[in-house]
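Please walk through this model with the structure open beside you.

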Number of protein chains: 2
Amino acid sequence: MKSVSEALQLVRKHIVMGTGVNELSLNEAKGGVLAEDIYAPMDLPAFDQSNVDGYALGEPGETKSWQLKGEVKAGDAPHFELEQGMACRIFTGAVVPKGSMAVVMQEEVKREGSRIMLERFPEAGEHIRPRGTQIQQGQLALPRGKQLNPAAIGFLSMFGIEKVKLRVPPKVSILINGDELRRAGETLKPGEVYESNGNMLVAALRQEGVEQIELKTVSDDLERLTESCREALAASDFLIVSGGISVGTYDLVAEALQKAGVEQIFHTVAQRPGKPLYFGRSNNCSVFALPGNPSSSLVCYYLYVLPGIRFFRGEGFRELPVFRGKLSHELIKKGKFRHFLRGYYENGLLRTKEEQASFQLKPFASGNCLLILPEGDQRLNQGDEVAFYWLPE
Amino acid sequence: MKSVSEALQLVRKHIVMGTGVNELSLNEAKGGVLAEDIYAPMDLPAFDQSNVDGYALGEPGETKSWQLKGEVKAGDAPHFELEQGMACRIFTGAVVPKGSMAVVMQEEVKREGSRIMLERFPEAGEHIRPRGTQIQQGQLALPRGKQLNPAAIGFLSMFGIEKVKLRVPPKVSILINGDELRRAGETLKPGEVYESNGNMLVAALRQEGVEQIELKTVSDDLERLTESCREALAASDFLIVSGGISVGTYDLVAEALQKAGVEQIFHTVAQRPGKPLYFGRSNNCSVFALPGNPSSSLVCYYLYVLPGIRFFRGEGFRELPVFRGKLSHELIKKGKFRHFLRGYYENGLLRTKEEQASFQLKPFASGNCLLILPEGDQRLNQGDEVAFYWLPE
């Protein structure tokens, strides 16, 4: 049995990195991961630019006033230079004419006919954004491996970039194992339950931009299970098996994976929920077998599979972000395992529900975080700080 | 000029709530917001269920051993009851036969032929999940207004639910204002720049599940701008105008909105970036005019428009989550405005870049959070705690 840290290190070490690259239009690229370093194709700003609405000033003349000469608004190319003692009206984003020593805000100027007087003499370069101050042509704009958030989409748009090369997300096969499982719409016989992990894992994978997902249910039959594993291994970058990975007589997944040629890296982790977790690898396919209990399954997905998918896409083994909050109630934790409690965070306060059994999805469904309770006994009081993983929404 | 708190209160008060409802298949419902309370259509678990692989025990007989009689695996309907002194093999998730007083784990049992002996006498009900312990038929499973995360999808799948009624996200029109703006692919003349706010806002809106987006560029012409506003108001639930909302001669948006019949609720907020922000309303359309500087535009989107969209969808005015981190460097903040600095959070530490000018998108593109620096002067040291908004990924 591995500790959580050991298990994470082993996944990080053995997970497969993808190689596929796809060129996409920038307005379809949100959430994608850059497959290339992007260097600035031009300076930003591309010209000395006014920061405010006001007046561009030439070098001061002999008096303290400036003679007005034309105006430049955003988008204009000024066809004049500002000589000594001359000024022009200018607007935010407009080209600062040659010869300007500064721009002053309109609120600070007294205008009399075609002359302006200043209350305060500006510093050289004031309210001018010099060409290239955001970035210079040829400098690295965004590095490969960067996931494109809306600001990054905006930033690349400023260069007029139309297409970007993105890493292709993995193809994922999900095998759901269990004779007792029925699909929605079917009638349950006594003892049967509706399959829920498939839809749940598909939803979680889509949040990570994974779209190529094969979902299949397989009965508790070693031969069929082995064959399904073989097919999935050949067709996928990730194989996720749900259920059948405990130690019961009908838990055939570990054996089937072995027969299908998967090298086991570890099986069982000192954690609750999710102890039966299995991780292995076969050629270029990363294999996770998750416990069948819904909460266990989803906890293992968030902790191990999700950073694995990000690694595959070239982002590095990026885990969920960890924050800290104050407990809104006392909490007693016992045992040598690391616990992950489904909880709810808001405005600095953390609370968990009592129903933390691994078959319970309700607290997970109405929660937004996973409290991290380290190995060993702990008695936590109301107001104590606890670290937690923040779940993707 | 409003304070940030006042501005948020006014948006919360005047923002329009949507009414549209759409029925979707559960496996397409991720991220959607429930339009109905969902009551459990059945008990979960639907039967007394074994929690482990082991043995179900009838009431103890005269000896300390139990006579074995059959087995129940997950999915089986046991056709027998356990009489006094009888036990059966049972597996996780299986129906516990009538007459069982507890289930014991296989590790705690010594088996001799068809009899089993116990090391420890179990408590009544041990390792049995009684029917209805997760939820009972008719209890509220998930309330209207709940956004469906993967766990919620899994939870509803456990009931065999196939379709859910979801709130329809708003139709959004984006009007980009500015004569200096060119589309990607066009050649820039001197003084012109590539339009970037449109793509950026579309990407941000899609993260919130908004798909019906009209993006249009309008020149700095009062008549055309007014006409475009009128059309957008009639066709949309939200109108977002980008640029032209400052106080310059060519900032015509406030006037155009007034001519188009929008009631101004506020214009300008004591914040940096984003001071020129305008909010108004016309019949059933909520109107935000965002400053043209890219960072200002996106900050205003995250602070005001995003919770407005969530409100429209019936989630309530849900703002971005606020966490706290320790500054990795000192920070001096001056002035009466509230500041939002583009920053990067990792492992408890916060850092910001120096280039925080509102025309700079690079620190936003490579950041993941917005530091919140309250109104007034502040001198923060390395290690001081600062609150921040965590940005959607």
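Predicted model: local features only at pLDDT ≥ 70, side-chain atom pairs only at ≥ 80, totals over all residues.

**Loops, a helix and domains**

Asn283(A) sits in the loop between strand E20 (278-282) and strand E21 (285-290) of chain A. Its phi is near 50°, a positive value in a residue other than glycine. Most residues other than glycine have a negative phi.

Now turn to chain B. Asn347(B) also has a positive phi, about 50°, and is not a glycine. Look for Asn347(B) in the loop between strand E24 (338-346) and strand E25 (349-352) of chain B. Is Asn347(B) buried or exposed? Asn347(B) is exposed, because 9 other C-beta atoms lie within 10 Å.

Stay in the loops of chain B for the peptide bonds. Most peptide bonds are trans. The bond from Leu44(B) to Pro45(B) is cis, with omega near -15°. Pro45(B) belongs to the loop between strand E2 (38-39) and strand E3 (49-50) of chain B. Another cis peptide bond links Arg272(B) to Pro273(B), with omega about -5°. Pro273(B) lies in the loop between strand E19 (271-272) and strand E20 (278-282) of chain B.

Next comes a helix. H6 of chain B covers residues 294-312. Where does helix H6 of chain B bend? The bend is at Tyr301(B), by about 40°. H6(B) is mostly covered, with 19 of its 19 residues buried. Just after H6(B) comes Gly314(B), where phi is positive, about 90°.

Go back to chain A and find Gly70(A). It is in strand E5 (residues 65-72) of chain A. Gly70(A) is partly exposed, because 15 other C-beta atoms lie within 10 Å. That count falls between the limits of 12 or fewer for exposed and 20 or more for buried. Which residues does Gly70(A) contact, leaving aside its neighbours within four places in sequence? They are Phe80(A) and Cys88(A). Leu215(A) is 145 residues from Gly70(A) in sequence. In space, 68 Å separate the two, C-alpha to C-alpha.

Last, take the whole of chain A. It is divided into four parts: domain 1 (4-19 + 169-312), domain 2 (26-41 + 135-167), domain 3 (49-129) and domain 4 (322-390). The centres of domain 2 and domain 4 of chain A, taken over C-alpha atoms, are 38 Å apart.

Technical notes
Residues numbered from 1 in each chain as written. Chains lettered and ligands numbered in written order. Bend = angle between axes of the 7 residues up to and from the residue. Helix = DSSP H or I, 4+ residues; strand = E, 2+ residues; numbered from the N terminus. Domains from an automatic or database assignment. Contact = placed C-beta atoms within 7 Å.
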